[in-house]
Each structure stands twice: as C-alpha cells, then as structure tokens.
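I opened the notebook to look up a few side chains and their surroundings. The entries follow the order in which I checked them.

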Amino acid sequence: MNKPTKRKLNPTAKLAIDFGPLVVFVITYARFDIYAATAAFMTTTVAAVAASWALTRHITLMLRVTAVVVLVFGTLTLVLHDPRFIKVKPTLVYTLFGATLLWGYLFRKPLLALVLDSMIHLTEEGWRKLTLRWAAFFFVMAFVNEIVWRTQPEPFWVNFKLFGFPPITVIFAALQYRLLMRYAAEQPNPEAEAEREEVS
C-alpha cells in the first residue's frame, strides 16, 4: 500500500499549527482561568494535528509527541483539578526530545531531523554536533520550565510559555547558522533520510 504523498506546509500555516494552540492557551487564560485555558489548549492542539494532516498528509514527530502529552496531562489537570500537571507538561516534552536526541547521539542514529522535521543536509560530523547542541538545549529548557513554574506566579508562567520559550528557541536556532554552513552537505545524508522515512 502506497504511503500518502507528503506535501510542504507554507510558513503561515506552519506558524499557525505550531503556535496557534499556545496563543489560544494564553488568551483563554487571560479571560478565564487555567482550567478553561487547558481545555482550549487541548482542543486547539487536536485541531492543529488535524490541520497538519489535512494540509500535508503528514504529522511531525514533535507535533505527535506534544499532542499526546497535552491530552494526557490536560486531562489529568481537568479531572483532578490540579494545574501542576499542565505546568509540568513542557518539562516532560523537552526531556523526551532531549533524551531522544542523546540516545541518537550515543548510538549514531540521525534522529535530529525527525524531532525538528528538518530539511537541511549535513555531514555526519555536522549532524552529531548539532544533535548534541539541541539535546543540551532541550534539557536546559526543561530545567528552566521547572524553575519558572515552581518559583513564579501562575500568570508569569503562562506568559513565559508564549513570550519566553518560543523566542529563546528561535534565538538558539539562529545561533546554529555557522555550524550549518560549516558542515553543509551537497547531497542528503542517505542514512538520515531513510531513518526519517521509516519513522514518518
């Protein structure tokens, strides 16, 4: 049976899918409370997954993992009426991605393209260096989330999810430009491409 053809997502739609649920979460929290925001977050995350599939016939690994964690921890938040579950969600997601990349680094598996849905082509050394950097970054972000939600007021943590984490991630990604240029490969890494196809 042939796999559905994967289509490329335009930048505007990608931004809406990646950050739409988070924006809705912050806006809903500002008007209601953490529980209404959590319910809205869960709903829009499911909508983002559906939109990704409808537009590209593909759901990125990051979106898949994030959606599962959001639904599980969001449900626990609402059922147990305990906001700590939704607050620890970013910690778990970042830790999962960091651990996945570290595992790939240790066993020489090119998993970074899977996590970031990357279309860049690097040499083997470039992939290993970039993988180690992103793994460390995800672990640091998990630690930062723990510090913020445990030490700061709830409104600060909610706003930090939108105005803190995304900008930090963009800046970190931009700082990798020199590495990407230094280790750019003219042709795709066959092992990395095969790994991506297998998981996708």
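I began with a definition: a residue is exposed when its relative accessible area is over 50%, buried when that area is under 20%, and partly exposed in between. The model I used is a predicted one.

Entry on Arg 108. I found a relative accessible area of 51% for Arg 108, so this residue counts as exposed. I then looked for a partner and found a salt bridge between the side chains of Arg 108 and Glu 124, at 3.6 Å from N to O. Arg 108 sits in the loop between α4 (84-106) and α5 (112-116), while Glu 124 belongs to helix α6 (residues 124-151), so the pair ties together parts that are 16 residues apart in sequence.

Entry on the other salt bridges. I noted a count of six salt bridges. One of them joins Arg 84 to Asp 82, with 2.7 Å between the closest N and O atoms. Arg 84 is exposed at 51%, whereas Asp 82 is buried at 14%. I also looked up Lys 14 and Asp 18, whose side chains form a salt bridge at 3.4 Å, N to O. The two are four residues apart in helix α1 (residues 11-31), so about one helical turn separates them. Lys 14 is partly exposed at 36%, and Asp 18 is partly exposed at 39%.

Entry on Thr 38. I asked myself: is Thr 38 buried or exposed? Its relative accessible area is 0%, so Thr 38 is buried. I placed Thr 38 in helix α2 (residues 34-56). Setting aside neighbours within four places in sequence, I listed its contacts as Phe 25, Gly 74, Thr 77, Leu 78 and Ile 86.

Note on methods: Residues numbered from 1 in each chain as written. Predicted model: local features only at pLDDT ≥ 70, side-chain atom pairs only at ≥ 80, totals over all residues. Heavy atoms only, no water. Buried < 20%, exposed > 50% of the residue type's maximum accessible area, 1.4 Å probe, protein only. Contact = heavy atoms within 4.5 Å. Salt bridge = Lys/Arg side-chain N within 4 Å of Asp/Glu carboxyl O.
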